[in-house]
Amino acid sequence: MAKGYWIACYRSISDEAALARYAALAGPVLTAAGGRFLARGKAQKAYEGGVAQRVVILEFDSVETAVATYESPGYQAALAVLKGAAERDLRIVPGV
């Protein structure tokens, strides 16, 4: 079974305090589900229309686990805190 990778690229952040509250809630949910942070922070360079903003990459044991974590009540509660505070693109992709 292929690992699942959760990739969140932030286009803009308008409320850093809300982002911090979201991270405090989301981090424990993600790690409890087996998520392992591989990278997080501001992009050092952006190419081809990318934005040099915050990026988060997590590895899960499977795509199914990553999807179930995103859809879980705990993560959805954390996500509600982020609403209106940031614009981002989140994708879950299989490993190779």
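In this predicted model, the axes of α2 (63–71) and α3 (residues 73–82) come within 5 Å and cross at roughly 55°, where axes are lines fitted to C-alpha atoms, for helices over the stretch in contact, and angles run from 0 to 180 degrees between N-to-C directions. The two helices α2 and α3 are therefore oblique to each other, a class left for angles that are not under 35 degrees (roughly parallel), over 145 (roughly antiparallel) or 65 to 115 (roughly perpendicular). On the α2 side the contact (heavy atoms within 4.5 Å) is made by Thr69, Tyr70 and Glu71, and on the α3 side by Pro73, Tyr75, Gln76 and Leu79. By class, this contact of α2 with α3 has 4 nonpolar, 2 polar and 1 charged residues, with Ala, Val, Leu, Ile, Met, Phe, Trp, Tyr, Cys and Pro counted as nonpolar, Asp, Glu, Lys and Arg as charged, and the others, Gly among them, as polar. Helices (H or I, at least four residues) and strands (E, at least two) are DSSP runs, numbered from the N terminus.

Residues are numbered from 1 along each chain as its sequence is written. As the model is a predicted one, local features need pLDDT of at least 70 and side-chain atom pairs count only at pLDDT 80 or more, while totals for chains, interfaces and linings use all residues, and side-chain values use heavy atoms, with hydrogens and water left out.

The axes of α1 (16–32) and α3 come within 8 Å and cross at roughly 170°, which makes α1 roughly antiparallel to α3. Here Ala18, Leu19, Arg21, Tyr22, Leu25, Ala26, Val29 and Leu30 of α1 meet Gly74, Tyr75, Ala78, Leu79, Val81 and Leu82 of α3, and the residues of this contact divide into 12 nonpolar, 1 polar and 1 charged.

Within α3, Tyr75, Ala78, Leu79 and Leu82 are buried (under 20% relative accessible area, with exposed meaning over 50% and partly exposed in between, for a 1.4 Å probe and protein chains only). Seen down the axis of α3, these buried residues fall within an arc of 105°, so they line one face of the helix; the arc is that of the directions from the helix axis to the C-beta atoms. On the other side of α3, Pro73 and Ala80 are exposed. The cover over the buried residues of α3 includes β1 (4–13) and β4 (86–94), besides α1 and α2. Just after α3, Gly84 takes a positive phi of about 80°.
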